[in-house]
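Please read it with the sequence and the structure side by side.

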Amino acid sequence: MITGNIITDFSLLILFLPLVAFTVNIFFGKRLPRQGDWVSIGAILITLILSLSMLLNMFMNWDPDFSHEAKFIWMDLGAFKIELGFWVDNITIVMLVVVSLISSMTHIFSLEYMKGDIRYSRYYAYLGLFTFSMNGIVLANNLISLYIFWELVGVSSYLLIAHWFEKPSAAAAGKKAFLTNRVGDIGFFIGIMLMFTAIGSFNIQEVFTGVSQGLIGGSLLTLAGVGLFMGAVGKSSQFPLHIWLPDAMEGPTPVSALMHAATMVAAGVYLTVRLFPLFSPDALLVIAYVGGFTALFAASIAITQNDIKKVLAYSTVSQLGYMILAVGVGNYIAAFFHLLTHAMFKACLFYGSGSVIHAMHHSLHELDDHDTDPQDMRNMGGFKSKMPITYLTMTIATLAISGVPFFSGFLSKDAILAGSLGFAQHYPQHFLLPVFGFGAAAITAFYMFRLIFMTFHGEAKMPKVFKGIHESPRVMTFPLMLLSGLSIFIFYTLPYLNPLSDHGWFTELIRAGDSVVPGNPTAHEIGEGVHHAHYTAMALSLLVAGLGIGLSYLMYLKKKLSAEVWANKMGLLYKLSYNKYYFDENYDRFLYQPLLKLSRAVAYVDWDLYDKYFINGFGRVTKWLSFLTGRIDYDGLDQSIVDGIGRATQGFGKQLKQVQTGRLQNYMLFALVGVIIILVIQTI
Amino acid sequence: MNHLLSWIIWLPVLGMVAIAFIPRDKTELIKQVSAATTGIQLALAIYLWRIFDASTGSFQFMETAEWIPSFNITYILGVDGLSLPMVILMALIGFISVFVSWNINTAVKGYFSLFLLLNTGVMGVFLSLDFFLFYIFWEVMLLPMYFLIGMWGGPQREYAAIKFFLYTLFGSVLMLIAILALYFTCGNTFDMLLLMDTAPTALNGVLWWGMSSIKVIWVLLFIGFAIKVPVFPFHTWLPLAHVEAPTAISVILAGVLLKLGVYGMLRINYTMLPDGVFWFAGALATLGLINVIWGAMCALAQKDLKKMVAYSSVNHMGYVLLGMAAVIAASEMNGDNLISAQAGLNGAVFQMFNHGTISAMLFILVGVIYDRAHHRDIEGFGGLASQMPIYTGLVAVAFFAGLGLPGFSGFVSEFMIFIGAFPVFRTIVIISTIGILLNAAYFLWAFQRMFFGPANEKYKDLPEINKRELFTVVPLALITLFLGIYPRPFLDMISATMNVLIEQVVSLGGLAGVM
């Protein structure tokens with residue numbers, strides 16, 4: 001039994017150990033033996049052990065309502081006061097295990113995958129930074145630390161995507177990821193401001209209390225909810241901010257597995273799960289539609305991609321859409337369940353693709369071939385015999401993601417589909433939501449088996465390369481085996497053994513809480529709806545999964561149906577899907593370029609017009625005025641008036657001189673004229 | 001220590017006198033004397049911080065001496081939670097700037113003399129509580145700046161220097177008129193503490209040319225200070241002055257001098273014309289928004305790295321204005337929202353300090369690459385990350401601090417400002433959050449173009465950042481990081497004073513009906 005204080009200590013260690021590893025490796029990594037990878041691995045393994053012991057404690061406690069909070073004063077200005085801290089409950093503990101487990105696997109897998117990399121110690125340092133920030137999100141008890149770690153996760157993602165920054169595409173992808181995420185973060189921040197203004201606290205549970213007391217409601221609550229959800233849209237790569245995740249595949253593959261499949265992108269889902277109680281019905285509808293649409297939309301792109309990592313990237317986007325959909329329809333525990341199972345099988349798939357790419361790299365390297373794309377599935381085929389462990393584990397993960405019984409994905413996917421179906425049964429006008437869900441399920445099964453068949457089955461497309469393909473070493477296959485093992489249903493249903501029902505420790509320990517928004521359906525009501533739709537959903541989901549797998553089998557294994565012919569038949573649709581619906585092109589054309597043009601125009605106005613003509617105009621006018629004053633002063637005043645008086649006097653004197661004739665007659669005449677004038681004046 | 005504040009102000013002048021006796025060819029000695037002077041000054045500033053009583057918002061370590069009694073001019077000094085962080089900032093940046101200036105080789109004696117005189121001017125402005133004294137220091141600061149830009153600057157230095165000088169002088173003239181107006185309407189005194197008491201009521205209802213005297217004086221002072229901040233549309237001297245000034249002077253200019261404007265507004269406009277605060281708050285927030293967006297847009301378009309950083313100052317100082325405007329939230333008509341007023345005002349002062357450290361870092365780092373490559377064209381580099389990894393790391397830290405990444409102090413202050421201003425200026429704040437996206441865009445784009453991509457052959461021999469340069473950047477980075485993680489040491493220092501300031505504005509403002 002672990003008491004509250006120990007939970008706090010464990011949480012502190014889990015949070016800060018990876019940060020210590022980061023600090024050590026960023027400053028001293030290069031000088032340490034083995035470039036300090038053991039520091040990071042040691043730290044992450046301790047983190048894993050600590051989280052596992054917390055998980056064990058959770059099982060021994062068996063308390064669905066377990067909750068522990070610890071906080072400290074971060075800022076105190078009198079009235080304005082912020083406390084940061086931890087909020088640990090069963091969801092937190094499960095999530096901590098997911099993060100530290102996948103992170104440990106990535107650390108181990110990278111030992112081989114990143115061997116000889118020029119920035120090996122830096123790479124491990126950044127993994128530590130990521131794990132730190134991710135656990136920070138998981139543990140946060142308030143919106144501020146959520147936001148802080150949210151952005152830190154964005155930075156570690158930026159640094160790791162741009163790890164091979166010599167490649168311009170990797171550098172661009174890193175920037176794109178950060179900026180796209182920041183668009184979502186702005187919404188997140190506005191949501192936080194709305195909440196704080198109304199409730200006066202950042203603490204999540206105090207915010208819940210505030211909402212339940214009606215301190216914020218109506219459209220303002222919807223707006224705040226949608227704002228907070230924007231953060232999730234960015235981080236979980238939902239439509240329309242989905243564009244960064246496929247590009248993020250420029251990063252090393254173990255990173256893709258850790259961040260861009262299992263944990264970081266799931267942070268958005270985690271956020272909506274955490275904050276579920278405060279979403280208003282309208283906000284939930286927005287969430288449901290965004291998630292559902294993304295699930296189908298991304299799946300429809302994954303079908304036509306040939307890059308093995310791109311397929312998995314779009315698949316991730318689609319699966320995250322699923323989870324978001326589940327939150328939207330109120331079945332948020334199913335979303336978290338799928339987050340958990342997805343983390344295992346998707347990480348496994350990414351490690352598998354990493355193993356394949358690694359083998360391709362080596363083979364191509366030996367052939368001195370630098371033109372062939374090692375990630376293009378059209379260059380693969382038949383790897384089954386050469387890489388049996390990779391093949392087997394990836395197939396297990398594929399069965400899981402496709403929703404085949406006996407595997408974890410079946411349970412969680414089924415819960416989500418049942419949720420959306422139940423929702424549509426209750427609100428028939430939202431019939432599109434289950435359509436999105438089941439449609440995406442069929443497509444998922446199709447493209448995942450397409451991936452397996454193209455990579456591992458059939459003829460080797462490039463026999464020369466095929467010759468050099470080898471199974472990856474133990475450090476790489478170990479995570480594969482472990483995670484594919486964790487894709488078996490039993491780990492989620494214990495202590496029960498029914499492969500068709502998700503009933504087990506998960507559903508018992510992680511219980512849905514009621515929404516705090518007055519008037520929202522309670523968890524019980526939502527559960528009823530799900531339960532009601534359960535069997536229909538299960539039958540339907542088995543059907544669509546079978547359909548997808550069968551079609552894929554016919555097309556890519558048996559070749560009964562030609563993919564080319566079908567692609568031609570689909571024409572426009574194929575082209576749209578292949579080109580990802582031209583989102584990047586259109587964003588570039590209608591957003592980035594106009595913005596850059598605008599910024600250049602603003603800078604031109606600022607510097608070349610406003611400053612040069614208006615501000616300097618004052619100078620010019622002053623100069624001109626002073627010139628004018630100078631002219632008036634010298635030419636006008638001095639030369640004409642002052643000197644003029646002189647000149648006039650002189651001239652007058654000259655004139656007057658002529659009067660001084662010296663003749664008495666003349667003087668007499670003047671005197672007479674003068675007298676006459678005076679007389680005339682006086683008479684008038 | 002008695003007369004601690006006087007020591008802090010006049011110490012650089014002593015250093016200047018000492019330098020006057022050093023032969024001009026002993027440049028090393030001149031630099032060492034400057035370093036020692038500013039070093040002692042920094043120690044005194046830290047000592048001041050340690051013995052400063054942060055629990056009260058009133059002025060401390062007051063010094064009063066008769067000066068020109070026939071005009072009621074007195075030598076009054078004092079420090080509170082508003083001026084203390086600025087004094088520490090100046091002492092810190094001043095000390096660091098000596099080392100940034102270490103490779104100045106022409107007319108060293110003149111350079112460091114003026115450099116120290118500038119320091120005295122700035123310190124004097126922050127610490128004087130007599131309007132006349134304040135104005136004298138304000139002008140004292142202007143002159144060395146003119147020569148430092150005009151003689152040690154870049155190719156267009158003369159143009160930049162004269163523009164800076166005339167522009168700021170124009171502002172000072174308006175300020176002088178306002179000071180005299182206050183002097184004659186509020187009982188013939190320059191004593192700022194007295195004016196804080198008398199001005200709000202003395203000006204009440206006084207009309208000049210049919211306009212409220214409060215508005216007239218407010219606008220005069222505001223323009224005078226706005227030029228320094230710089231507030232749009234008075235900002236165009238700044239990019240030019242920055243680009244042409246030598247590195248150390250850019251560092252002081254961005255790091256400290258821009259804060260004088262905001263300091264003046266808070267010290268004078270806010271306390272003496274509280275009614276004007278209510279009248280002007282909307283405009284202040286709007287101007288803040290324009291600064292944020294306009295500065296960011298201009299920064300995005302720049303090809304010269306230093307000019308980009310200069311425009312980022314316009315952008316960052318916009319947040320300060322926004323936070324200052326939030327103070328009116330605490331008034332009765334805005335619902336007595338003391339929480340917002342505190343968040344906004346503390347955030348604004350915190351942002352001033354943070355911009356000081358972050359922009360100083362940015363300018364130093366620009367100087368480092370300029371000294372090596374002899375140009376600052378963002379597109380002319382590429383691949384520097386593999387060439388100069390330590391330098392790259394530091395630039396990354398500075399850029400991320402600049403774009404308001406959590407973990408760095410800039411985030412904390414910007415977030416406080418947004419939270420504070422939001423209840424009163426909802427739309428303005430929402431639009432200005434676009435600024436944080438543009439912020440990230442211009443920094444990351446510049447970073448990508450300079451440091452990422454294949455290494456540029458032309459620069460494969462560029463030496464890594466050296467120890468002296470590291471010594472100038474690393475302390476700033478550590479401060480930024482520390483305050484980003486744990487802002488309390490800073491906020492606890494200022495919050496009592498901010499509460500007094502809020503009280504001054506709210507209790508006396510909004511009553512006289514200038515609205």
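In the contact between the two chains, 37 residues of chain A meet 40 residues of chain B. On the chain A side, the elements that supply two or more residues are helix H5 (143-161), helix H6 (168-199) and helix H25 (583-659) of chain A, and of the elements on that side H6(A) gives the most, with 14 residues. The model is a predicted one, and local features are considered where pLDDT is at least 70.

**Contact between the chains**

- By class, the side of chain A that touches chain B is made up of 26 nonpolar, four polar and seven charged residues.

**Nonpolar core**

- The largest nonpolar core holds 438 residues, and the members that touch the most others are A:Ala335, A:Ala347, B:Val87, B:Ala325, B:Val327, B:Leu365 and B:Ala421.
- Helix H14 (residues 332-366) of chain A provides the largest share of this core, namely 20 residues.
- Once its neighbours within four places in sequence are left aside, B:Val87 is in contact with B:Ile8, B:Ala45, B:Leu48, B:Val79, B:Met123, B:Phe126 and B:Leu127.
- As general background, nonpolar side chains in soluble globular proteins tend to be buried together.

**Helices H14 and H15 of chain A**

- The axes of H14(A) and helix H15 (residues 388-402) of chain A come within 9 Å and cross at roughly 145°, and the crossing in which H14(A) passes H15(A) is left-handed.
- From H14(A), the residues that take part are A:Thr341, A:Phe345, A:Cys348, A:Leu349, A:Gly352, A:Ser355 and A:Val356, and they meet A:Thr390, A:Thr393, A:Met394, A:Ala397, A:Ala400 and A:Ile401 of H15(A).
- The contact of H14(A) with H15(A) comprises eight nonpolar and five polar residues, with no charged residues.

**Cis peptide bonds in chain B**

- The peptide bond from B:Val229 to B:Pro230 is cis, with omega near -10°, and B:Pro230 is placed in the loop between helix H8 (213-228) and helix H9 (237-244) of chain B.
- A cis peptide bond also runs from B:Phe232 to B:Pro233, where omega is near 5°, and B:Pro233 is likewise found in the loop between H8 and H9 of chain B.
- For context, most peptide bonds are trans, and most residues other than glycine have a negative phi.

**Positive phi values**

- A:Tyr581, a residue other than glycine, has a positive phi near 60° and lies in the loop between helix H24 (572-578) and H25 of chain A.
- A:Tyr581 counts as partly exposed because 15 other C-beta atoms lie within 10 Å, a number between the limits of 12 or fewer for exposed and 20 or more for buried.
- B:Asp336, also a residue other than glycine, has a positive phi near 50°, and its place is in the loop between helix H12 (305-325) and helix H13 (338-373) of chain B.
- Because B:Asp336 has 13 C-beta neighbours inside 10 Å, this residue counts as partly exposed.

**A loop proline in chain A**

- A:Pro473 sits in the loop between helix H18 (463-467) and helix H19 (474-485) of chain A, and with 14 other C-beta atoms within 10 Å it is partly exposed.
- Although A:Pro473 and A:Tyr113 are 360 residues apart in sequence, their C-alpha atoms are 9.7 Å apart in space.

Definitions and conventions: Residues numbered from 1 in each chain as written. Chains lettered and ligands numbered in written order. Predicted model: local features only at pLDDT ≥ 70, side-chain atom pairs only at ≥ 80, totals over all residues. Contact = placed C-beta atoms within 7 Å. Helix = DSSP H or I, 4+ residues; strand = E, 2+ residues; numbered from the N terminus. Nonpolar A, V, L, I, M, F, W, Y, C, P; charged D, E, K, R; others polar. Core = buried A, V, L, I, M, F, W, Y, C linked by C-beta atoms within 7 Å. Axes fitted to C-alpha atoms, helices over the stretch in contact; angles between N-to-C directions. Left-handed = near helix turned anticlockwise from the far one by under 90°.
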